[in-house]
Amino acid sequence: MKKNIFAFIKILSLFVSVSLLFSSCKYNIGEGFARLMKVEERATNLRILDQEPVLNAITDTEEYDVLVITDVHFGNENHGKNGPRREEDFFAHLEDASSGAALIDSVKFVICMGDIAEHGYDDEFKRFNAVIKAWFDAKGIPIYHVVGNHDLYNSGWKNWAANNYPNTSFYKFETPSFSWYFLDSASGTLGWYQYDALDGHMRRDDKKKIVFTHIPVYAEDNLYFVMQNTEERNLLISTCAKTGVQLFVDGHTHKDRTSDFGKFIERNVPGFLEKSGYGVVHINEANDTCSINVVYF
């Protein structure tokens, strides 16, 4: 009984804290809870990317790495554990070859899993492009994006879609051994249109799969920072287990969490700004294997 009371108090405290947060005009309280631009308007049809030079050049014998960053939060500059933003430290960390080859030398592409912007403002997305995207562009490394809940604040969807490739929130591409799926969970749900389209594509797709989304499906049974519709969560987990998903990667909690579903692993990547962390997905196309590690800089 005491455990239930404490759980209720915890939930109530979270609700009050979130309510106070979103009461700020900077976040727009209506969109903080309701999302005026709903997922059914953003993500209905799965877009297939098949004209990607970097991806199309990957051979079926290659080993390489993919960087995963999440919760970058331009516009919330003092939230990081070490004070101001640390992009330059991140870049130096990727180029550090003191213990052997630099990590950046094995990276084919980068995945940014949402919450680029703190408030959904256009200038926050542009700052990401001017700092992080520009650095990777100079090395010929593309960035693929997932939309996050903060990106939607203040009608931010139009700003996200205008600034972040591939300018859609529900898509997939393929490498020789894997299909890579990118989902829109930024409203706290996939919505049934997106889920049905995803389920149909996955069942017709014989390749092993890696899935990326912002809000977790489980995150070690996290109570609050996950998709709240338990029926949807169970169906999504079932679809992933039955269709060859190997990794399910997400963000949002700012913490490093791992959930083992037997058929696949969910890895919740820590926040880039708050935790100075990121994920490294290692791919071996020859052996059809993938794995993920979390690294701090």
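The model is predicted: local features need pLDDT of at least 70, side-chain atom pairs count only at pLDDT 80 or more, and totals for chains, interfaces and linings use all residues. Residues are numbered from 1 along each chain as its sequence is written, and side-chain values use heavy atoms, with hydrogens and water left out. The chain has 10 helices and 12 strands; helices (H or I, at least four residues) and strands (E, at least two) are DSSP runs, numbered from the N terminus. Of the 297 residues in the chain, 52% are buried, where buried means under 20% relative accessible area, exposed over 50%, and partly exposed in between (1.4 Å probe, protein chains only). Among the contacts in the chain with a separation of 6 or more, 73% are between residues 24 or more positions apart; a contact means heavy atoms within 4.5 Å.

**The sheet of 7 strands**

- An open sheet is formed by 7 strands in the order β1-β5-β6-β7-β8-β10-β9, with mixed pairing; two strands pair if DSSP finds at least two bridges between them.
- The edge strands of this sheet are β1 (47-48) and β9 (257-260), and each pairs on one side only.
- Strands β9 and β10 (residues 265-268) run antiparallel and are joined by 4 bridges.
- Within this pair, serine 259 has glutamate 266 in β10 as its bridge partner.
- Helix α8 (residues 192-204) lies across β1, β6 (178-182), β7 (208-212) and β8 (245-250).
- The direction of α8 is at about 180° to β6; axes are lines fitted to C-alpha atoms, for helices over the stretch in contact, and angles run from 0 to 180 degrees between N-to-C directions.

- Strand β3 (residues 107-112) is mostly covered, with 5 of its 6 residues buried.
- On one pairing, β3 runs parallel to strand β2 (residues 63-69), and 5 bridges join the two.
- On another, β3 runs parallel to strand β4 (residues 143-145), and 3 bridges join the two.
- Isoleucine 111 in β3 is the bridge partner of valine 68, and isoleucine 111 also stands opposite tyrosine 144 in β4.
- Strand β11 (residues 277-284) runs antiparallel to β12, and 8 bridges join them.
- In that pair, asparagine 293 in β12 stands opposite valine 280.

**Helix α9**

- Helix α9 (residues 230-242) has 13 residues and reaches 18 Å from its first C-alpha to its last.
- This reach is close to the 18 Å expected at 1.5 Å a residue, the expected span being 1.5 Å times one less than the number of residues.
- The buried residues of α9 include Glu232, Arg233, Leu236, Ile237, Thr239 and Cys240.
- Seen down the axis of α9, its buried residues fall within an arc of 160°, so they line one face of the helix; the arc is that of the directions from the helix axis to the C-beta atoms.
- An α-helix has 3.6 residues a turn, so residues three or four places apart point the same way.
- Exposed residues Asn234 and Lys242 are on the face of α9 turned away from its buried side.
- The cover over the buried residues of α9 includes α8 and β8.
- At the start of α9, a side-chain oxygen of asparagine 229 comes to within 3.0 Å of the backbone nitrogen of glutamate 231.
- Glycine 244 follows α9 and has a positive phi, near 90°.

**Two loop residues**

- Threonine 168 is in the loop between α7 (157-163) and β5 (171-174).
- With a relative accessible area of 15%, threonine 168 is buried.
- Not counting residues up to four places away in sequence, threonine 168 touches Arg47 and Trp160.
- Glycine 75 is in the loop between β2 and α5 (87-95).
- Glycine 75 counts as partly exposed because its relative accessibility is 29%.
- Not counting residues up to four places away in sequence, glycine 75 touches Glu118, His119, Glu124 and Arg127.
- Glycine 75 and phenylalanine 125 are 50 residues apart along the chain, and their C-alpha atoms are separated by 9.4 Å.

Terms used. A polar contact is a pair of N or O atoms within 3.5 Å; within protein, one must be able to donate a hydrogen and the other to accept it, and residues adjacent in sequence count only if both atoms are side-chain atoms.
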